[in-house]
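This briefing reviews selected local features of one protein model. It is arranged by topic for a reader who has the sequence and the coordinates at hand.

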Amino acid sequence: MESKKVNCSGSNSSSNGSGSTAASSSSTGLYDTVWECVIPYVQDPRDRARCRWCRLSRRFPQLESLKLKGKPRAAMFNLIDEDWGGYVTPWVEEVIGAFGRMKALHFRRMIVSDADLELLATSRAGDLLEVLKLDKCSGFTTNGLLHIGRFCRNLRTLSMEESTITENDGEWLHQLALNNTVLEHLNFYTTYLTRVRAGDIELIASRCPSLASIKISDCDISDLTGFFRAAASLEEFGGGSFSESPGRAGEIVSNEQLERYASVAFPPRLSRLGLSFLGKAEMPIVYPVASKLKKLDLLFALLDTEGHCQLLQRCPNLEFLEAITPDNRKTPRKTLAPTKSELSFNIWYNGDSLRKNDAPKCGTRM
C-alpha cells in the first residue's frame, strides 16, 4: 500500500521535470521492492523492528513526532506472553542515530528497559525531547526515570499512566522537580508508585509556572495544600487519596476528619477533576470549584448513588462524567446534564458499561 503511494508520488515528480526528484523517487521505489521481497524472511521481532526503522528513517528523515504501539490489547488481560515482542530498544537506538529533530515519543504497550531510558536521556535526543509518553508499558524501574528527570530538561509532557513500574525510591520525581522549569503535563496515574513526596510535587508547581495538568498516584490530599497554592495555572488534577475515616459505616464522620481537609483549596482555573477514594465526608472540598468543572472522574470514588447525585447537582457545566455505581436502580442521568451542552458519560454497573439513554434519573438540579 505504501509502495503504491511512493510510486505515484515519483511519477508526479518526474512529470514536473525534476530529474533529481525523479531519481530519488525511483530509488525509493526500488528500495520498497527489495523490502517486500526480504521482510517475509525476517522472523525475529527485534530484527523486523530494525528493518522498519531503516525504512522509516529513509522516508522521513526530518521526523519530529512518533507514536508506536507494541503488543495487542489482549496483553492488558494477560493473554499475551511477556516475551511476545514489542521491545523499545531498537527504536530508541534508531531515534538517537537517525532522527536529529525528534521532539515527541509515544510508546504504547511496549517493553522499556532502564537502559533504554538512560540512552535516550543522555543522548542529544534527550536535550530535544519535549514529549515522552510511556502508555501501559512495562520493564523499567524508577532508576530509568531518574535519568529522564535529570537530563531531559525540556520535557513539557511526561506521561506513564497505567504503566507497570518497579519502584526503588522517589528520587526520580525530585530530580524532575530540580531540573525542569517548562513542564506542562505530568501523569503517573494508576502506576502504584507510593514513594512520592508531596514536597517534590509542590516544587514542580513552583518551578513550572505553565503546569496545566497533573495526575498522580496515591498521595494524601491534605499533604498537597502547598501544591494547590503554587499551581496557579492548573486546569486538571487526578489521583491523590484520602485517609480512612475514623467513623465506621453508617456513623457520622468525626469533626477531626472534616477539619483535616478543610484547608484544601483547589486552584481557580481547575476544570477537570478526578479524586481517588473520595468519600461523602470529603465532598465539601469539591463544592467551591464544582460550578467550573467540565470533566469529573469518579471511577475510584467511594460514593453511593445518593453521594453521586448530591455532588453532581452542584456541577451545572459538566460535559463529561465517568463513574461506577453499586446501585442498579438509580444513576445520574439527563436531569444532571448541563444547560450549555449535552453531557457525555461512561457509567458502569458493577463493571458493565452503560449506554447513555439506559441510565435512570436521579433527582433535580440544584
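The points below cover helix packing, the nonpolar core and individual loop residues. The model is predicted. Its largest nonpolar core has 80 residues. Helix 8 packs with helix 7 and also with helix 9.

**Helix 4 and helix 5**

- Helix 4 spans residues 89–98 and helix 5 spans residues 114–122; their axes come within 10 Å and cross at roughly 10 degrees.
- Angles under 35 degrees count as roughly parallel, and helix 4 and helix 5 are therefore roughly parallel to each other.
- On the helix 4 side the contact involves T89, V92, E93 and I96, which meet D116, L119 and L120 of helix 5.
- Sorted by class, this contact between helix 4 and helix 5 holds 4 nonpolar, 1 polar and 2 charged residues.

**Helix 7 and helix 8**

- The axes of helix 7 (residues 142–151) and helix 8 (residues 171–179) lie 8 Å apart, and the two helices pack at an angle of about 5 degrees.
- That angle makes helix 7 roughly parallel to helix 8.
- From helix 7, the residues T142, L145, L146, G149 and R150 meet E171, W172, Q175, L176 and N179 in helix 8.
- The contact of helix 7 with helix 8 comprises 4 nonpolar, 4 polar and 2 charged residues.

**Helix 8 and helix 9**

- Helix 8 packs with helix 9 (residues 198–207) at an angle of about 20 degrees, and their axes are 8 Å apart.
- The crossing of helix 8 past helix 9 is left-handed.
- Helix 8 contributes L173, H174, L176, A177, L178 and N179, which meet D200, I201, L203, I204 and R207 in helix 9.
- By class, 7 nonpolar, 2 polar and 2 charged residues form the contact of helix 8 with helix 9.

**Nonpolar core**

- In soluble globular proteins, nonpolar side chains tend to be buried together.
- Within the largest nonpolar core, of 80 residues, those with the most contacts are I221, L224, F227, F237, L275, L278 and L296.
- Not counting residues up to four places away in sequence, L296 touches L273, L311, L312, C315, L318, F320, L321 and E322.

**A buried loop residue**

- S138 is located in the loop between strand 3 (131–135) and strand 4 (140–141).
- With a relative accessible area of 17%, S138 is buried, as the cut-off for this class is under 20%.
- Apart from its neighbours within four places in sequence, S138 is in contact with E82, M110, I111, V112 and T164.

**Loop residues with positive phi**

- Most residues other than glycine have a negative phi.
- E162 is not a glycine, yet its phi is positive, at about 65 degrees.
- The loop that holds E162 runs between strand 5 (157–159) and strand 6 (165–166).
- E162 counts as partly exposed, at 39% relative accessibility.
- F277, a residue other than glycine, has a positive phi near 65 degrees.
- F277 is found in the loop between strand 10 (272–275) and helix 12 (287–290).
- A relative accessibility of 34% places F277 in the partly exposed class.

Technical notes. Residues numbered from 1 in each chain as written. Predicted model: local features only at pLDDT ≥ 70, side-chain atom pairs only at ≥ 80, totals over all residues. Heavy atoms only, no water. Axes fitted to C-alpha atoms, helices over the stretch in contact; angles between N-to-C directions. Helix = DSSP H or I, 4+ residues; strand = E, 2+ residues; numbered from the N terminus. Parallel < 35°, antiparallel > 145°, perpendicular 65-115°, else oblique. Contact = heavy atoms within 4.5 Å. Nonpolar A, V, L, I, M, F, W, Y, C, P; charged D, E, K, R; others polar. Buried < 20%, exposed > 50% of the residue type's maximum accessible area, 1.4 Å probe, protein only. Core = buried A, V, L, I, M, F, W, Y, C linked by side-chain atoms within 4.5 Å. Left-handed = near helix turned anticlockwise from the far one by under 90°.
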